[in-house]
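Colleague: Could you walk me through this protein chain step by step? I am new to reading structures, so please take it slowly.

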Amino acid sequence: MSGLLEISGLTVAFGRRGARPVLDGVELSVGEGEIVGVIGETGSGKTTLARATVGLVAPRSGRVVFDGREVSGLRGRALRAFRRSGRMSYAFQDPLRALDPELTVRRAVAEPLAVAGQLDDAGSAARVDEALTTVGLDPARLGDRLPGAVSGGQRQRVLLARAIVTRPRLLIADEPVSALDASNRNRVLRLLDRLRTEHRMAVVVISHDLSSLAGIADRVAVLYRGRVVEQGPVREVFSHPLHPYTALLTASAPSVRAEKGPGAAALRPSAEPPAWTAREGCVFGHRCPFVIDSCRTAPAPAPVGQGRFAACHRVPRWRELVAQAAAPAAAQRPPELMAATGETREEAGR
Ligand code: SF4
């Protein structure tokens, strides 16, 4: 199935002559009406991925194809026309910085329509009311307020109303719930789910909050230092991670783990870091307890079951090592794991 959004080999680098790579060969596909989560720790490249997808950052190589058309090569007038069309929209991470403090809620939400220039004043006003109502805000009560005069949860929803007012086919929401309390977080997550079911909108949710994504995403991509290390249906990835980094993330978020997976203690990095750099070999090598010599060659994402991909040379062997190490008898522990953790058989027996 060809997706609404197809990203292939996307590479972005900053600094002089691209000295600082931020994304490296990212592959991502998003279908119509699908919610795809992108997770990873701070600095993994999540926001750069969003910005490169909507054309705010120029990739060094790779392709972004949206609705059958390559948009990553657009420049100048063609790029501005595509962004103005509002068919793909981006809800920025920080509503306070993204909203002009001197524009009322109504005018802030109307701005993308004015840029697109497709509606007259009456049509635009009706569309703004519709967008505000969709996100659960009362246009009559809040429309004339400034962003500083509404609550944090309401501001987040104003930002979403602004992002959907052009009726985009794809919405990219960057950390939409990170600054919200539990009740506003649930409200925004339900809203994203409704946009998908009622409006067939595809949504990419960028988040470091696994439990939020577990409830709404269909699939998830795990980003580590600019590379997608694992991808697949959210339920399977969270309950049975196939990459050691995903296992580490889920071990720190027990609310999303459906099985008794490896705990954080089993995923401590080996005492001896590898001699090669992360740019040469596996990007996770310096934190991975299962690293071996062949990890000096960077693993490509490989299919590992229905709709799942993982970039690790040792799938599923590393999980067997963890399971064996958890066995009570020291004699059953695999020597290679004990070597990786610097543990002696005598110590293991204590
Ligand atoms: S390829 Fe090697 S270093 Fe990388 S995650 Fe897999 S086992 Fe660890």
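**A walk through the fold**

Modeller: Happy to! Keep in mind that this is a predicted model.

Colleague: Which residue of S8 is the bridge partner of Ala173?

Modeller: Strands of a sheet pair through backbone hydrogen bonds, either parallel or antiparallel. Within S8, Ala173 has as its bridge partner Val205.

Colleague: Through which helix does the chain cross from S7 to S8?

Modeller: The crossover is of the β-α-β kind, and it is right-handed. Between S7 and S8 the chain passes through residues 182–199, which form helix H8.

Colleague: What stands opposite Leu170?

Modeller: S7 also pairs with strand S6 (residues 88–91), and the two run parallel with 4 bridges between them. Opposite Leu170 of S7 stands Met88.

Colleague: Is strand S7 (residues 170–174) largely enclosed or left open?

Modeller: Let's look at its two faces. Leu170, Ile172 and Asp174 are buried on one side, and Leu171 and Ala173 are buried on the other. Because 5 of the 5 residues of S7 are buried, the rest of the structure leaves this strand largely enclosed.

Colleague: Now a different sheet. Which strands stand at the edges of the open sheet of 4 strands?

Modeller: The order is S2-S1-S4-S5, with antiparallel pairing. An edge strand here has a single partner strand, so one side of it is left without a neighbour in the sheet. That describes strand S2 (20–30) and strand S5 (69–70).

Colleague: How many bridges join strand S1 (residues 5–14) to S2?

Modeller: One example of the pairing is Ala13, whose bridge partner in S2 is Pro21. The two strands run antiparallel, and the number of bridges between S1 and S2 is 7.

Colleague: How far apart are the centres of domain 1 and domain 2?

Modeller: Domain 1 covers 5–224 and domain 2 covers 241–348. The two do touch: 7 residues of domain 1 are in contact with 11 residues of domain 2. Taken over C-alpha atoms, the distance between their centres is 34 Å.

Colleague: Is Ala311 buried or exposed?

Modeller: Ala311 sits in the loop between strand S12 (309–310) and helix H12 (317–325). A residue needs 20 or more C-beta neighbours within 10 Å to pass the cut-off. Ala311 has 24 inside 10 Å, so it counts as buried.

Colleague: How far is Ala311 from Val228 in space?

Modeller: Along the sequence they are 83 residues apart. Contacts of Ala311 include Arg227 and Val229. From C-alpha to C-alpha, Ala311 and Val228 are separated by 7.7 Å.

How values were computed: Residues are numbered from 1 along each chain as its sequence is written. This is a predicted model: local features need pLDDT of at least 70, side-chain atom pairs count only at pLDDT 80 or more; totals for chains, interfaces and linings use all residues. A residue is buried if 20 or more other C-beta atoms lie within 10 Å of its own, exposed if 12 or fewer, and partly exposed in between; C-beta atoms are placed from the backbone. Two strands pair if DSSP finds at least two bridges between them. A crossover is right-handed if, with the strands pointing away from the viewer, the path from the first strand over the helix to the second runs clockwise. Domain bounds come from an automatic or database domain assignment. Lists of a residue's contacts leave out its neighbours within four places in sequence.
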